[in-house]
Amino acid sequence: MAEFTLVLPVLAILLFGIIQFGIVFNNYLAVTDAVRAGARQAAVARFLPAADREAKVEEKVRASAENLDQDILEVSVEPSDDWEPGSDVTVTATYEYSINLLGKVVKDGLLTSKTTERVE
């Protein structure tokens, strides 16, 4: 019983750390997948009206990352040559994260993903 009492806090912190890391990694995968879906939308967006292109791409990114907090998800779309066929369009998303262990922030920062696709 005495050994268990000594080891329990270490095991609990280790377990909570693994859970927090898993949550952050899941958020990173969601951001990466959302940017990839948005870039694909941007690659075929030249057929949309010019005013709607960037809004549709951002909408696709946000729809693909629906499990994330939309208030802290930042999305940017940077087309080159106004969506001419063969030009590149870059979609970037950033998402804030923090790893908390027992109420103390151990690590925080930004998860960033960027994808460039050629306009079809």
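Helices (DSSP runs of H or I, at least four residues) and strands (DSSP runs of E, at least two) are numbered from the N terminus, and the place of Leu102 is in the loop between β2 and β3. The structure is a predicted model, in which local features need pLDDT of at least 70 and side-chain atom pairs count only at pLDDT 80 or more, whereas totals for chains, interfaces and linings use all residues. Residues are numbered from 1 along each chain as its sequence is written, and side-chain values use heavy atoms, with hydrogens and water left out.

**Helix α2**

- Helix α2, residues 53-64, has 12 residues and reaches 17 Å from its first C-alpha to its last, close to the 16 Å expected at 1.5 Å a residue, where the expected span is 1.5 Å times one less than the number of residues.
- The buried residues of α2 are Arg53, Val57 and Val61; seen down the axis of α2, these residues fall within an arc of 70 degrees, so they line one face of the helix, the arc being that of the directions from the helix axis to the C-beta atoms.
- Here buried means under 20% relative accessible area, exposed means over 50%, and partly exposed lies in between, with a 1.4 Å probe and protein chains only.
- A general point of geometry applies: an α-helix has 3.6 residues a turn, so residues three or four places apart point the same way.
- The cover over the buried residues of α2 includes α1, β1 (73-79) and β2 (88-101), with contact meaning heavy atoms within 4.5 Å.

**Salt bridges**

- A search of the whole structure finds five salt bridges, each defined as a side-chain nitrogen of Lys or Arg within 4 Å of a carboxyl oxygen of Asp or Glu.
- The side chains of Arg53 and Asp82 form one of them, at 3.8 Å from N to O; Arg53 lies in helix α2 and Asp82 in the loop between β1 and β2, so the pair ties together parts that are 29 residues apart in sequence.
- Within this pair, Arg53 is buried, with a relative accessible area of 10%, whereas Asp82 is exposed, with a relative accessible area of 52%.
- Another salt bridge joins the side chains of Arg62 and Glu58 at 3.1 Å from N to O, and both residues lie in helix α2, four residues apart, about one turn of the helix.
- Arg62 counts as partly exposed at 22% relative accessibility, and Glu58 is partly exposed as well, with a relative accessible area of 30%.
- Arg118 forms a salt bridge with Asp88, the closest N and O atoms being 3.9 Å apart; Arg118 lies in strand β3 and Asp88 in strand β2, so the pair ties together parts that are 30 residues apart in sequence.
- Arg118 counts as exposed at 53% relative accessibility, while Asp88 counts as partly exposed at 31%.

**Thr115 in strand β3**

- Thr115 is found in strand β3, residues 104-118, and at 18% relative accessibility Thr115 counts as buried.
- Leaving aside its neighbours within four places in sequence, Thr115 is in contact with Val35, Arg36, Ala39, Val89, Thr90 and Val91.

- Ile13, Leu15, Phe16, Ile19, Ile23 and Leu102 make a nonpolar surface patch of about 560 Å², with accessible areas taken from the Shrake-Rupley method with a 1.4 Å probe and, for residues, only the protein chains shown counting as cover.
- Patches are made of residues with over 30% relative accessible area and no salt bridge, like charges being joined within 9 Å and nonpolar side chains (Val, Leu, Ile, Met, Phe, Trp, Tyr) within 5 Å.

**Backbone with positive phi**

- Trp83, found in the loop between β1 and β2, has a phi near 60 degrees, a positive value in a residue other than glycine, and counts as buried at 4% relative accessibility.
- Leu102 has a positive phi of about 55 degrees although it is not a glycine.
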